[in-house]
Amino acid sequence: MISRYDEIVKKKLSGPGNAKYTQLLDIIAGMIRKDISKEVMEAEHFALMVNETKNVSKQEQLSIVIRYLHQQSLHEEFLNFTAAEGLDPDSLLKKIMETLTKCGIDQNACIGQCYDGAAVMSEHISGAAAEFFVTIQKLYKFFSLSVVHEEFLKVQKELEPVNQYKELKRLSDTKWACQRADCLAVKRTFPANVTTLKRLAEGDNVHRAIESKGLCILLDQQFVTSLVAIEKLLLMTKQLSDHFQSPDLQLASAENLRRDKIPQQPVRRHLL
């Protein structure tokens, strides 16, 4: 039907069968991107959302989505799937810029960025933060051992006989929101963690005793301070994330929540 009114489309569809359908999809995709570009220009601003995932061939790829307000309606539009040649920040930025350019969207209009798959962000974690999350992961692995886990549940029953058992969670390296749950689990079970480690440190199993003593040393005052501070920070970001992803999001309520959680900062309009 489109070919009746568009000579370019008509010419494209005059080729072989499979080629016709591929070209038709490319044409339709181009038309949709053109409409999105026009709406973003009218909206003046947009937020960028990028996620890393694997396709059926187990190859890393990026999904790129933008969100913007157009005619008092919130739009969330998918732009592109693109192969991830590298997961480092420079490679990621290159793919994002290529997609925005292809879609005719000005990167200077970007006022927000969200990276759901956080593998690229983890490369920038260093110092005390890196040590903290490494310790969290070590705790999970150690307490997942059957003998250790059995003792852990026993200690919980002794310390809190009326409460249900609590489990440590595997550290998520793709979603920051999930890391709040990981930290909260350690925070809630901290007395049981320390008691379990001290008992195992005095046990007959030499290897397990050495590992328990090593973990006890890591659970020092600096770790406790980091645990409280980081869990509180992740709770704040989770509240913002949950609210901003709501399909019933209202701009006014989002701005009020942002002001409550984050001190006023100058708007940064360029991609990092």
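This is a predicted model: local features need pLDDT of at least 70, side-chain atom pairs count only at pLDDT 80 or more; totals for chains, interfaces and linings use all residues.
In which helix is Gln-137 found? Gln-137 belongs to helix H5, which covers residues 127-143.

Leaving aside residues up to four places away in sequence, Gln-137 touches Arg-170 and Leu-171.

I turn now to the protein as a whole. The protein comprises 11 helices and 4 strands. Its chain has 272 residues, of which 32% count as buried. Among contacts with a separation of 6 or more, 58% are between residues 24 or more positions apart. The accessible surface amounts to about 17600 Å², and carbon and sulfur atoms contribute 55% of that surface.

On that surface, I would draw your attention to a nonpolar patch formed by Leu-69, Leu-74 and Leu-251. Together these three residues present about 270 Å² of accessible area. One of them, Leu-74, lies in strand E3, residues 73-83. Leu-74 counts as partly exposed because its relative accessibility is 37%.

Finally, the cysteines. How many disulfides does the count give? The count comes to 0 disulfides, where a pair of cysteine sulfur atoms would have to lie within 2.5 Å. Two cysteines may be mentioned by name. Cys-110 is buried, as its relative accessible area is 1%. Cys-216, by contrast, is partly exposed, at 25% relative accessibility.

Technical notes:
Residues are numbered from 1 along each chain as its sequence is written. Side-chain values use heavy atoms; hydrogens and water are left out. Patches are made of residues with over 30% relative accessible area and no salt bridge: like charges are joined within 9 Å, nonpolar side chains (Val, Leu, Ile, Met, Phe, Trp, Tyr) within 5 Å. Accessible areas come from the Shrake-Rupley method with a 1.4 Å probe; for residues, only the protein chains shown count as cover. A salt bridge is a side-chain nitrogen of Lys or Arg within 4 Å of a carboxyl oxygen of Asp or Glu. Helices (H or I, at least four residues) and strands (E, at least two) are DSSP runs, numbered from the N terminus. Buried means under 20% relative accessible area, exposed over 50%, partly exposed in between (1.4 Å probe, protein chains only). Contact means heavy atoms within 4.5 Å.
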